[in-house]
Amino acid sequence: MSLRSPLGRVLGLGTAKDGTSHWWGQRVSGVALAILGLWFAWSLATMAGFAHDDAIAFISQPLHAVLLLLLCVTMAYHSYLGVQVVIEDYVHSHGLKLAALVLSRFTHIFFAVVGVFSILRIGIGA
Amino acid sequence: MTNNDRPLSPHLSIYRWPVTMATSILHRATGIAMAAGFILFVFWLADSAAGPDAYAVFTGAAGSIFGKILLVGWSWAFFYHLANGIRHLVWDTGRGLGKEEATRSAWFVIVLSVVLTAGFWLVAS
């Protein structure tokens with residue numbers, strides 16, 4: 001038995017049925033970021049110095065490069081999910097909301113790709 | 001039936017902020033701050049890859065007074081969002097949702113975030 005009203009059924013409105021995966025994605029990426037973020041914070045605090053050579057020496061280590069890649073991609077994903085909820089909460093006009101969501105997705109993907117490319121360029125050596 | 005005695009929802013201007021309300025708003029605010037911090041992180045990587053000249057521009061901006069204030073802010077945002085995020089994960093298991101418990105964990109998270117931020121800058125300097 002469906003509990004939906006006839007009008008609701010005709011309009012096809014209701015849950016998009018992807019809320020659960022959004023919720024899980026946010027939690028699991030959050031747990032990953034707790035680990036990766038603490039590693040990165042510790043690395044920053046104990047880095048030899050902040051000259052260009054120090055940054056290159058740090059990023060070009062294979063383990064560091066892999067962890068930085070994971071951090072960059074996971075951060076972009078977690079940030080996108082969070083910003084999406086904020087936009088959905090506060091932007092009420094349908095067109096503006098859609099535009100903001102698309103812009104946010106493009107921005108996150110763009111910076112994630114720039115980050116990944118930069119790490120690979122340093123790690124593999126251009 | 002008269003309903004005149006029922007409690008009214010509190011008016012915003014006379015509403016005493018529970019600390020749990022502040023922690024909730026701060027979680028969102030620090031999240032947004034770190035969405036911007038993500039772009040800073042990518043700038044650090046990209047300027048490192050681009051070479052010493054681009055990197056000098058980055059460290060010059062980050063080392064200015066304004067840059068330092070922002071960096072301290074971002075580090076606190078990170079530790080706050082981390083600590084309060086773990087608080088949210090505990091809530092997700094159904095634990096710690098009572099009023100008194102939530103108030104206690106709110107203060108704990110606030111104090112912890114300040115302590116971790118101070119510890120971070122102590123180790124860094």
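**Reading helix contacts between two chains**

Analyst: Helix 2 of chain A passes helix 3 of chain B in a left-handed crossing, a term used when the near helix is turned anticlockwise from the far one by less than a right angle, while clockwise would be right-handed. Helices here are DSSP runs of H or I with at least four residues, numbered from the N terminus. This is a predicted model in which local features need pLDDT of at least 70 and side-chain atom pairs count only at pLDDT 80 or more, whereas totals for chains, interfaces and linings use all residues. Residues are numbered from 1 along each chain as its sequence is written, and chains are lettered from A and ligands numbered from 1 in the order in which they are written.

User: At roughly what angle do the axes of helix 2 of chain A and helix 3 of chain B cross?

Analyst: Axes are lines fitted to C-alpha atoms over the stretch in contact, and angles run from 0 to 180 degrees between N-to-C directions. For helix 2 (residues 19-45) of chain A and helix 3 (residues 65-92) of chain B, the axes come within 11 Å and cross at roughly 145°. Helix 2 of chain A contributes R27(A), G30(A), A34(A), G37(A) and A41(A), and helix 3 of chain B contributes residues including F78(B), G85(B) and D92(B), where contact requires C-beta atoms, placed from the backbone, within 7 Å.

User: Which residues is G85(B) in contact with, leaving aside its neighbours within four places in sequence?

Analyst: G85(B), placed in helix 3 of chain B, is in contact with G30(A) and A34(A). Because G85(B) has 22 C-beta neighbours inside 10 Å, it counts as buried (20 or more; 12 or fewer is exposed, and in between is partly exposed). The C-alpha atom of G85(B) is also 7.9 Å from that of H27(B), although the two residues are 58 apart along the chain.

User: How do helix 2 and helix 3 of chain B pack, and at about what angle?

Analyst: Helix 2 (residues 52-63) of chain B packs against helix 3 of chain B at about 80°, with the axes 5 Å apart. That makes helix 2 of chain B roughly perpendicular to helix 3 of chain B, a label for 65 to 115 degrees (under 35 is roughly parallel, over 145 roughly antiparallel, the rest oblique). Here A61(B), A62(B) and G63(B) of helix 2 of chain B meet G67(B), K68(B) and L71(B) of helix 3 of chain B.

User: What pLDDT does chain A average?

Analyst: The predictor's confidence in each residue, pLDDT, runs from 0 to 100. Chain A averages 92, and 98% of its residues score at least 70.

Terms used: Two residues are in contact if their C-beta atoms, placed from the backbone, lie within 7 Å.
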